[in-house]
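Please look over the structure below before reading on. The briefing that follows is grouped by topic.

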Amino acid sequence: MSMFLKSLKELPPFGVAVGMRLDETDSGPGIVVLLDGDPNIGSQDFGGSFHNGVILATIDNAAGWCIRDHADYREGIAMATLDLRVDFLSYAALSETLRIRACCEGIDRDLAFVRASAEIVSTGQLVALGQATFMMGTSPGPHASVAQKPA
Amino acid sequence: MNEIDNIRRQRLLDEITKTPYFELLGVQIEAFEDAPILSAMGADHLIGNINLPALHGGVLGSLLECAASMMLLDKNPQGVTPRLVNIDVDYLRTGRPVKTYASASLVRQGRRVASVKAQLWQEARDRPIAIARVQFLLDRTGRTDANHG
């Protein structure tokens, strides 16, 4: 797994903006992204809780990363989210840190399927559940480096 | 803009101001039709793929959720913020880092649950870049609305 971590650690600008960070100490399954509470990503619900949108965004990000971490993923293949569903089970106070775990349950040359969960680190309370489908082999874009283009 | 739209605008502005995450997204109130039209600029910090470049899928999902909750607030001015139950987003086109519009419509509002459709578009409204089905739990006392009871 560790061989993939270097490329995984390249956070997109929005990941930086909301403070996502990969948990490199996690042993699986899948990958874990940690998200610390911060007023910038909050809503006023219950006096300040993680906004549901930022939980969705982190699940989306973690989902993409866990595909790149999957044994059957071919390095350099570009992908795009096809759909994403998130159930919101409870609120999480901004004083907490969320652990978002995403596992790629199936992958072929066209599609990848992901299940994800978000829980409060200190209590283990489940906050959200997600499932996502990704299209594989999409255009890497005009600005992709040589290393990121499909072989 | 007429007086009623000004009142509607102020109500939504208040909600944006007290929701820091909406300010991070740069949510603006664009216009009012039956439902509010919101927008966000394709700011650099909202990008999820720097190679395309494209807006982060989570940004698009967040804008859809924002449009859905703001539409409910606009229709139910006396109510408390409804609780988001779930959201199901279909990504239809690449979200380029340009100005993006968001709106939502009520499919059905019952006594406890509201079902909402939301959509995002950029250069043309008939070419949505993402759509979502969004479900909300309304406050337990139930909420009545003359137009959508």
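Which residues lie nearest the centre of the largest pocket? Of the 42 residues that line this pocket, A:Met79, A:Ala80, B:Gly48, B:Asn49 and B:Leu52 lie nearest its centre. This is a predicted model, in which local features need pLDDT of at least 70 and side-chain atom pairs count only at pLDDT 80 or more, while totals for chains, interfaces and linings use all residues. Residues are numbered from 1 along each chain as its sequence is written, chains are lettered from A and ligands numbered from 1 in the order in which they are written, and side-chain values use heavy atoms, with hydrogens and water left out.

**The largest pocket**

- The space in the largest pocket is about 1100 Å³. A pocket is an open set of points on a 1 Å grid over the protein atoms alone, where a 1.4 Å probe fits, with protein on both sides within 12 Å along at least five of seven lines; its lining residues have an atom within 4 Å of a point.
- Grid points are joined across faces, edges and corners, and a volume is the space filled by probe spheres set on the points.
- From chain A, helix H3 (52-68), strand S5 (79-88) and strand S8 (126-136) each supply at least two residues of the lining.
- Helices (H or I, at least four residues) and strands (E, at least two) are DSSP runs, numbered from the N terminus.
- H3(A) gives the most to this lining, with five residues.
- Sorted by class, the pocket lining has 22 nonpolar, 15 polar and five charged residues. Ala, Val, Leu, Ile, Met, Phe, Trp, Tyr, Cys and Pro count as nonpolar, Asp, Glu, Lys and Arg as charged, and the others, Gly among them, as polar.

**The cavity**

- One cavity of 30 Å³ or more is found in a search of the whole structure. In a cavity, the 1.4 Å probe fits but cannot get out.
- The volume of the largest cavity is about 40 Å³.
- Residues of both chains line the largest cavity: A:Asn52, A:Phe88, A:Leu89, A:Ser90, A:Tyr91, B:Arg83 and B:Leu84.
- By class, this cavity lining has four nonpolar, two polar and one charged residues.

- B:Thr19 sits in the loop between helix H1 (3-17) and helix H2 (20-25) of chain B. B:Thr19 counts as buried because its relative accessibility is 3%, and buried means under 20% relative accessible area (1.4 Å probe, protein chains only).
- A polar atom of the B:Thr19 side chain lies 2.7 Å from the backbone oxygen of B:Glu15.
- Leaving out residues up to four places away in sequence, B:Thr19 touches A:Gly42, A:Ser43 and A:His51. Contact means heavy atoms within 4.5 Å.
- B:Met71 belongs to helix H3 of chain B and is buried, with a relative accessible area of 0%.
- Beyond residues up to four places away in sequence, B:Met71 touches B:Ala35, B:Pro36, B:Ala104, B:Ser105, B:Leu106 and B:Val116.
- With residues up to four places away in sequence not counted, B:Ala67 touches B:Leu38, B:Ala102, B:Ser103 and B:Ala104.

**Chain A as a whole**

- Chain A has three helices and eight strands, and its elements run α-α-β-β-β-β-α-β-β-β-β from the N terminus on.
- Of the 151 residues in chain A, 50% are buried.
- Among contacts in chain A between residues at least 6 apart in sequence, 64% join residues at least 24 apart.

**Cis peptide bonds**

- Most peptide bonds are trans.
- The bond from A:Gly28 to A:Pro29 is cis, with omega near 0°. A:Pro29 lies in the loop between strand S1 (20-22) and strand S2 (31-36) of chain A.
- B:Leu52 and B:Pro53 are joined by a cis peptide bond with omega about -15°, and B:Pro53 is in the loop between S3 and S4 of chain B.

**Confidence**

- Chain A has a mean pLDDT of 90, with 89% of its residues at 70 or more; pLDDT is the predictor's confidence in each residue, from 0 to 100.
- Chain B has a mean pLDDT of 91, with 93% of its residues at 70 or more. Over residues 142-149 of chain B the pLDDT is below 50.

Terms used: Polar contact = N/O pair within 3.5 Å; in protein donor to acceptor, adjacent residues only side chain to side chain.
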